[in-house]
Amino acid sequence: MWDYEDFVAKAKLYFNRAANHNEDDDEFALWLLLGLEFLLRAPLSQIHPSLIAASEGNSLLHAVGITKADAHPRSITTRTVVDRLKFVIEGFGDDRQRDAIFLANLRNQELHSADAALANIPEEQWLPRFLAVVNSLCEHLKMPVSDVLDADIVAHAERLSIEVDRAVQRAVRTLIENSKYMYEHLTEPEREARIRAATHTPTGYKRVIPHAVACPACGNETPLQLTPGRTTKSKYDEDNGEIVHSVIHLATGLSCNICGLVLDDTAKVIAAGIPRLRTIEYSEDRYEGWEDNVDTSALYGGEDYGDE
């Protein structure tokens, strides 16, 4: 029930069933969305089955091998799976989480309501999102997408993704051109006033602009909106007595108070030429001299540990 390879195998099985249907068939979409449920769980199961076991009852005991504890173990919800993946997969930030939840909701709407959800949604609204999530999962699992998805399905989804990307790029170009036009047609005093308001406090102190980038429209520094993801590494800085954590952040938006440019999601940020991921280091103080106040001999087998 909890095995990583079994999750991947079941995802492949359902994806193969989808390949037996035409793209305009509801069952094509349904089998893909059902298979995605299992592939989403694979990275967590690969680390440890307990990461996908529900906390209710004895499911956790069952996940660690105590199978007599519960004849009907339960796993966590898809939303919890997605929430945990951001700490496991580099780059599985808000955009991939939104895509995964969107797809899960679409599947639930089809299965648990009277709506013909899959018949009423165009492919370009869900299939590129599906491929983006599967790509992210397969990259983490170190397997080519072609190992789990039929090549024709991948090619079809990629063609749709290109069209969607082009539409986003066209929309972002228009946003940038409009904001640039507005900025260039400000009078010099108006421009200086906007820049000062964005870069200084009312009392005249210079503002600290968090995660500043050059605005794609006006070129002035503007804050990039970021969402923290997983910690890639932690190290101890002996010189400063601090533990330094490196955390991957996902760019989720940009709003320039000078020219008015607003990019309200990750896809638009990428289309504007701004890197999607950023690594930020955080320092954590560590009490110096703690070793002097703790008896560590027990950790090394006593006073004679290591004696010849």
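Colleague: Is C259 buried or exposed?

Modeller: Buried, at 3% relative accessibility. Buried means under 20% relative accessible area, exposed over 50%, partly exposed in between (1.4 Å probe, protein chains only). The areas come from the Shrake-Rupley method, and for residues only the protein chains shown count as cover.

Colleague: What should I know about the source?

Modeller: This is a predicted model: local features need pLDDT of at least 70, side-chain atom pairs count only at pLDDT 80 or more, and totals for chains, interfaces and linings use all residues. Residues are numbered from 1 along each chain as its sequence is written, and side-chain values use heavy atoms, with hydrogens and water left out.

Colleague: Switching to charges. How many salt bridges does the structure hold?

Modeller: Seven. The rule is a side-chain nitrogen of Lys or Arg within 4 Å of a carboxyl oxygen of Asp or Glu.

Colleague: Which residues does the network of shared partners join?

Modeller: Take the pairs one by one. R96 bridges to D99, with the closest N and O atoms 2.9 Å apart. Those two sit three residues apart in helix α5, so about one helical turn separates them. The network from shared partners joins D95, R96, D99 and R276. D95 also pairs with R96, at 3.5 Å between the closest N and O atoms. For R276 and D95 that distance is 3.0 Å. This last pair links distant parts of the chain, 181 residues apart: R276 is in the loop between α9 (266-271) and β5 (277-285), D95 in helix α5 (residues 94-112). Helices (H or I, at least four residues) and strands (E, at least two) are DSSP runs, numbered from the N terminus.

Colleague: How accessible is R276?

Modeller: R276 is partly exposed, at 22%. D95 is buried at 8%, and R96 is buried at 16%.

Colleague: Last one. Which residues gather in the negative patch on the surface?

Modeller: E23, D24, D26, E27 and D152. Patch residues have over 30% relative accessible area and no salt bridge; like charges are joined within 9 Å, nonpolar side chains (Val, Leu, Ile, Met, Phe, Trp, Tyr) within 5 Å. D26 lies in helix α2 (residues 26-47) and is partly exposed at 33%.

How values were computed
Accessible areas come from the Shrake-Rupley method with a 1.4 Å probe; for residues, only the protein chains shown count as cover. Lys and Arg count as positive and Asp and Glu as negative; His and the chain ends are not counted. The place of a charge is taken as NZ of Lys, CZ of Arg, CG of Asp or CD of Glu.
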